[in-house]
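Me: Hi! I'd like to walk through this structure with you, one question at a time. Could you look it over first?

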Amino acid sequence: MDVNINFFYFMLENLTSKIGNILGKIAGKTRLTEYDIKNLLRDFRKTLLDSDVSWTVIKHLLEKIREKLEKIEIVNKASPNDIFIKIVVDEFLDIFKNSRLDNCDKLFKDNIGLSTILFIGLQGVGKTTSLVKLANFIKYKCSKSVLVVSCDVYRPAALEQLLILSNKVNINCFSDYTITDSPLIIVEKAIKYSRLNNYDFLIIDSAGRSHIDNSMMQEIIDISAVSKPDYSFLVVDSMVGQDGIRSADIFCSNIKVSGFFLTKMDGDSKGGVLLSLSFLMKKPIYFIGVGENIEDISYFYPDRIVSRILGFGDLSSLMEEINNNIGFDKNSSINKNSIINFGLDEFKTQLKYIIELGGIEKLLDKIPGGYSVDKSLVNKFDNKFFSKMIAIINSMTIKEKKFPSLINGSRKRRISLGSGVDISDISKMLKYYEKMKKSFLKVGDEKSFLDKMKKKIL
Ligand SMILES: Nc1nc2c(ncn2[C@@H]2O[C@H](COP(=O)(O)OP(=O)(O)OP(=O)(O)O)[C@@H](O)[C@H]2O)c(=O)[nH]1
């Protein structure tokens, strides 16, 4: 198990995080001059802009951070780096203070009678998928009965999509209405049906439009008036940047939105939209969507998003995923013996982990600075590449796997025949293995900035 930690250190070793670059400029200083602060904030502004944080939020943050930096006397062992990070993280977490809803399943577990939840949002943001994700969450995690209904009368495919998705996870979908029924009639019928059948939750999918217009808004206001939702979740696509903020503003000024469901957080989203939404709308983020599957729903953990925005990656989620998928203990320490005994069988296990965790691209997405890694480099290390290396190792004898230095030309020819790969690939694989082992040993000794940051985050 210890080897796993070293493996991730190996991944971190050659990467630089955005914040790491900024802090590099003040490393070793005992105090910050006015000039340092000016430069620090200028670089930091760029980091925030790159992370899709809106200008109003940036201005607020820079002001607060400047104030604190100017006031702070650097005492004892605290370095300007540590102080700067602490101030920034505190400010970010302050913006997310409404969103610390770790126990929001309690909200659903504690309901009495019928509760209604309304899903609203623009077309294609992931409304229907998120609605079924939440229905599934409430049914299976909170042990409550759930009915879903679509009142999108404009697109027959909308009902069909909801039916298909909800059937997949055995969630009941209300469809006892005619095509001439208006959205309000459908909602009234669904509420009546839910009450008669003692459902705990009714989740309503409203029609999405490509842009907000008056008739759409009026329809949602009317649905909201009829269904009197206990929660109205505005679904926002985290990839859309500032457009998401503008539409959220219009929704929030017209109807009572309880909070947000941010989708597609598994994509290239840099997290800034969440910060902007939280600051500008002053409403909590309840859930995030982290994939296309129904199980891909997560509570919103502010600290994880903060580390993503700052370019530290999403190490906590990554470690949790590893834990869930392969029983990895994040508290285990680096053990030199396990690195020294790191043979090709252990190497194969690491390769399998990468495949199980969704490939190198998914991993990079969550480690510090990972998103900034050259994509063409990432493409070279796709799952095909890892599977090829596994096939090579599978064609080796036990002795060869333990003592790879035994693998000479004739052994390579035999392995090449057995695994169906070129001899050059075997040499490449052995080189890669040696490099990884060396890095493990080296990183095991180092206390680099990223090592320290990793500990702070985990
Ligand atoms: N990667 C990823 N894809 C998602 C996520 N949530 C939804 N999607 C995808 O986004 C696309 C649109 O999702 P829908 O649920 O149809 O979106 P919608 O808002 O209901 O769309 P309309 O019904 O047209 O208004 C689908 O391909 C979903 O699989 C997510 O968290 N991650």
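Predicted model: local features only at pLDDT ≥ 70, side-chain atom pairs only at ≥ 80, totals over all residues.

Me: Which residues touch the most other members of the largest nonpolar core?

Reply: That core has 77 residues, with at least three drawn from each of domain 1 (18-95) and domain 2 (104-310). Leaving aside neighbours within four places in sequence, I203 is in contact with I117, F119, L131, L134, A135, V146 and V148. The residues that touch the most other members are V148, I203 and I204.

Me: How many residues are in the other core, the one that lies apart?

Reply: Its members include F342, F347, I393 and M396. This separate core has 12 residues.

Me: Let's turn to the ligand. Which helix gives the most to the shell around it?

Reply: The ligand is surrounded by 20 residues, and the closest are G126, K127, T128, G208 and G289. By class, the shell divides into three nonpolar, 12 polar and five charged residues. The most, four residues, comes from helix 7 (residues 127-141).

Me: Is K264 buried or exposed?

Reply: K264 sits in the loop between strand 6 (259-263) and helix 12 (272-281). Its phi is positive, about 60°, although K264 is not a glycine. Most residues other than glycine have a negative phi. Because 22 other C-beta atoms lie within 10 Å and 20 or more are required, K264 is buried.

Me: And K228, is that one buried or exposed?

Reply: K228 is in the loop between helix 10 (214-227) and strand 5 (231-237). Its phi is also positive, near 40°, in a residue other than glycine. Since K228 has 9 C-beta neighbours inside 10 Å and 12 or fewer is the limit, K228 counts as exposed.

Me: What distance separates the C-alpha atoms of F403 and G343?

Reply: F403 is in the loop between helix 20 (398-402) and helix 21 (409-419), and with 12 C-beta neighbours inside 10 Å it counts as exposed. F403 and G343 are 60 residues apart along the chain. Their C-alpha atoms are separated by 7.2 Å.

How values were computed
Residues numbered from 1 in each chain as written. Core = buried A, V, L, I, M, F, W, Y, C linked by C-beta atoms within 7 Å. Domains from an automatic or database assignment. Contact = placed C-beta atoms within 7 Å. Near = placed C-beta within 6 Å. Helix = DSSP H or I, 4+ residues; strand = E, 2+ residues; numbered from the N terminus. Nonpolar A, V, L, I, M, F, W, Y, C, P; charged D, E, K, R; others polar.
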